[in-house]
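Subject: Structure for your review

Hello,

Here is the structure I promised to send over. Please open it alongside this note; my findings follow below.

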Amino acid sequence: MAEAQALKQVHELIAEFGFTAQQVFPWKAPKAHVPGKYLEPKSGATWSGRGKPPAWIAGKDRDQFLIQPASEPEPRQDGPYLAEMAAQAAARSAR
């Protein structure tokens with residue numbers, strides 16, 4: 001019974017003062033992890049390219065520190081492409 005009374009009082013205070021959910025239950029959005037864009041090969045340290053550059057890359061050519069993206073997978077060759085299917089359909093209808 002005490003919980004019900006406490007909840008009722010909370011609802012009354014929210015209604016009276018017009019509190020928002022953020023004011024009653026403050027939260028911060030989680031920070032998104034940004035993957036490293038640059039790699040210092042000696043130490044293995046990475047930098048995302050955001051914010052102040054670390055000493056190991058400051059004033060240097062950043063291209064030499066770029067992390068190479070994973071190569072794109074080869075397209076699958078399991079079946080005919082759409083253009084080939086259309087050509088086959090056209091050939092069948094022409095017969």
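This is a predicted model: local features need pLDDT of at least 70, side-chain atom pairs count only at pLDDT 80 or more; totals for chains, interfaces and linings use all residues.

L13 lies in α1. Together with F17 and F19, L13 makes a nonpolar surface patch of about 300 Å². Is L13 buried, partly exposed or exposed? L13 is partly exposed, because its relative accessible area is 36%, between the 20% and 50% cut-offs.

Now the overall layout. The protein chain holds 3 helices and 2 strands. Their order along the sequence is α-α-β-β-α. Of the 95 residues, 6% are buried. The chain exposes about 8800 Å², with 59% of that supplied by carbon and sulfur atoms. Take the contacts between residues at least 6 apart in sequence: 27% of them join residues at least 24 apart.

Then the core. Which residues make up the largest nonpolar core? There are 5 in all: Y38, W47, W56, I57 and F65. Y38 also has a list of contacts beyond its neighbours within four places in sequence. Among them are the core members W47, W56, I57 and F65. Others on the list include A45, T46, G49, R62, L66 and I67.

Best regards

Key:
Residues are numbered from 1 along each chain as its sequence is written. Side-chain values use heavy atoms; hydrogens and water are left out. A nonpolar core is a set of buried Ala, Val, Leu, Ile, Met, Phe, Trp, Tyr and Cys residues joined through side-chain atoms within 4.5 Å. Buried means under 20% relative accessible area, exposed over 50%, partly exposed in between (1.4 Å probe, protein chains only). Contact means heavy atoms within 4.5 Å. Patches are made of residues with over 30% relative accessible area and no salt bridge: like charges are joined within 9 Å, nonpolar side chains (Val, Leu, Ile, Met, Phe, Trp, Tyr) within 5 Å. Accessible areas come from the Shrake-Rupley method with a 1.4 Å probe; for residues, only the protein chains shown count as cover. A salt bridge is a side-chain nitrogen of Lys or Arg within 4 Å of a carboxyl oxygen of Asp or Glu. Helices (H or I, at least four residues) and strands (E, at least two) are DSSP runs, numbered from the N terminus.
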